[in-house]
Amino acid sequence: MKPLPFSLRAALRLLLTAGALGLGLPQTAPADPASRTVTDMNGKVVSIPYSVNRVGSTGAVNQMVLMLGTPWKLTVVSPANRDNRWMRRVYPGIAEAAAPFSGSDVNMEELIKSKPDAIFLIDNSGTHSSFKSLPKLQESGIPVIQVHLRTPEEMKQAVRLVGETLGPQERQNAERFCQEYDAILARIRAKIAPLPCGERLKVYRAGGINGLTSEGGNTITTSWIEEAGGINVVAAAGIQALGASITMEDVLQWNPDVIITMGVAAKEAVLARPEWKSVNAVRNGRVYVSPVGVYQWSVRSAETALQNLWAAKVIHPELFPDLDMNAEVRHFYQIYYGCELSEAEANEILNPPK
Amino acid sequence: MQPTEESLQAPKKLPEENSALVLFVLIALLLALFAASFAWGRYPISLGQLFRVIEAKITGVPSGLPAAMESVVFNIRMPRIFAALLIGSALSVAGSTYQGLFRNPMVSSDILGASSGAGFGAAAAILLSLGLTGIQVSSFICSLAAVVLTLLVGSIVERDGRSSGLSLVLTGMVVSTLFSSFIAISKYVADPEEKLPAITFWLMGGLSSVGARDLRIALIPMAIGFVPILLLRWKLNVLSFGDEEARALGLETSRLRIFLIVCSTLLTAASVSISGMIGWVGLIVPHLARMLVGPNYSILLPVSALLGGLFLLIVDNVARCAFAVEVPIGILTSIIGAPFFVYLLVKGKKGWT
């Protein structure tokens, strides 16, 4: 067999490595110049138009699209995204986007009408309720790119994948974000890594109307709690589920030192109820509401990069005396969304109202 | 007494002879389970510690045990145990009453739209971030509103026709569907990370959010609903014969019917507004009670109340103790309820009137 020419072999190797990493690259010698392929995080090779101008998703991925320099490419969202105050602040044009997604379903006609070039779906491999309309979507011929968002690594990979799908410039911005994400983690780890096990605080992430919904191991929640020098008590108890219903008796037994709630309602429930009074975190006034910007920081969007920083300061304030979260928020929004926030606005993100 | 009459009555009397025994056994079981439930839970408390905690509470002398333990017993287990008993009883009594009123064994406590109304009220309150109390108040009001709507529409539909109750049941289904659509709309616009899971969670039903204060508040409408039904329970026997027979016996049926509907609705609305949707209890417990003591409401109603409380207490104990992740109680009642209902269908109409 004749050996392949060097350049082709190199290109092939590059493609294979990149594919294995889930990065993918535009095909060097496309059979059809109008299209290219990307490899999604399920390892599936997806053919997409050469130039992608109209994309969208059910939720968190939309934040990533807005972040990569070409927010106008976000044309398909969910109603909750469209009405989201901060999404409108960083990109007012979102008000004109189509909103066919709701929960795990999609209005197919509305979606097709909006002519998307590609759709991103979040699939956390069985731990997250899978998208109900996936077969319907795939039949429609609209390219579907699936991402997982469970760890910082997956988060970065997803941002790169979104960037790559959108185009070269966005790919570059994605790379920049990933470097900054790593820099944030490195900053925290420098302070957190020397902490002995005994000083890692027990952290409980409270959600839902009664504060009894939480997230277990192998979720982004566990990841930022651990990065920030805490232990996710739910994960430590062996619970894996996303959106797990926790029993109050377990919470009392775990006796967390810090409670971080998703939403103000959960914090109010925790502070109002007598059964929470004996929990360490409540006794010591260490109940905090997770920040909410363009997306909930505590869950699966790229703003979770900031959550690591915020949580580290909240859990171990003594280690981060100089960390100015307000400035960090404004910096992030300026760089990634091109949006100058006032100090008051950044403060509102850090202390979300009801 | 003539022998023929006696032989006619003999088979009918049988369940009623049992009734005293059934009542006794149920009360004994209920008391035993009530006490035992305090000892069950995910937080390890030994019997000795439990007694010390209770003793400390009664005497006021500190027990020396961790504060968390006292909190588990009095702030978590106690409200939940009472909630399970009360809600189970309320839903069963409401279900029995509706079944008698409409002379239809397939109706349950939420037949007039109370549950869907409550569900929508809760979903709207969650969307508006009204907090736990807001959710309860809103779902209670919407629950009542849904039933009022059913009654209004039902009265228009029934105006010239004969009052059969059937049109009211059908209207109830329509109103339920309407409010279910409102729930769907709320879910459609809800933020998928925070609000949507909260709505779904509420709709699945559960007692984990019920605190002592909520229970005290819910007790008021429950008592207002329960006491009149209990006092008028013998009239339900007459009503279940049908309106004509009841009128022949000198009962003002339509007013009595409305009054009993209002009482049952209060019971249902107060229950679902604090527990979320707990299906099947109001349908199967009345049937179970009827199998035990027969169709006579003077005994059927108390037995339904006891049995309903017992049933929900058992199910809730499973929900809160069995797994590290709490199982929504609505799912458990459906898993138990659906096969049981099939059994009833197979068994046919035996045990009904």
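Predicted model: local features only at pLDDT ≥ 70, side-chain atom pairs only at ≥ 80, totals over all residues.
Trainee: How should I read a pair of rings?

Mentor: A pair of aromatic rings is described by the distance of the centres and the angle of the planes. B:Phe179 and B:Phe182 form an edge-to-face pair, with 5.4 Å between centres and 75 degrees between planes. These two residues are three apart in helix H6 (residues 166-189) of chain B, so about one helical turn separates them.

Trainee: How many aromatic pairs does the structure hold?

Mentor: Over all chains, there are 16 aromatic pairs. One of them is A:Phe177 with A:Phe332, edge-to-face at 6.4 Å centre to centre and 85 degrees between the planes. This pair links distant parts of the chain, 155 residues apart: A:Phe177 is in helix H8 (residues 168-192) of chain A and A:Phe332 in helix H15 (residues 325-337) of chain A. A:Phe177 is buried at 1% relative accessible area, and A:Phe332 is buried at 3%.

Trainee: Which residues do ring pairs link into a cluster with them?

Mentor: The cluster also includes A:Tyr181, A:Tyr333, A:Tyr336 and A:Tyr337. Over the face of A:Tyr181 lies A:Lys156, 6.0 Å from the ring centre.

Trainee: Where does the charged end of B:Lys57 sit?

Mentor: Over the ring of B:Phe74, 4.9 Å from its centre.

How values were computed: Residues numbered from 1 in each chain as written. Chains lettered and ligands numbered in written order. Heavy atoms only, no water. Phe/Tyr/Trp six-rings, centres within 6.5 Å; stacked < 30°, edge-to-face > 60°. Helix = DSSP H or I, 4+ residues; strand = E, 2+ residues; numbered from the N terminus. Buried < 20%, exposed > 50% of the residue type's maximum accessible area, 1.4 Å probe, protein only. Lys NZ or Arg CZ within 6 Å of the ring centre and 35° of its normal.
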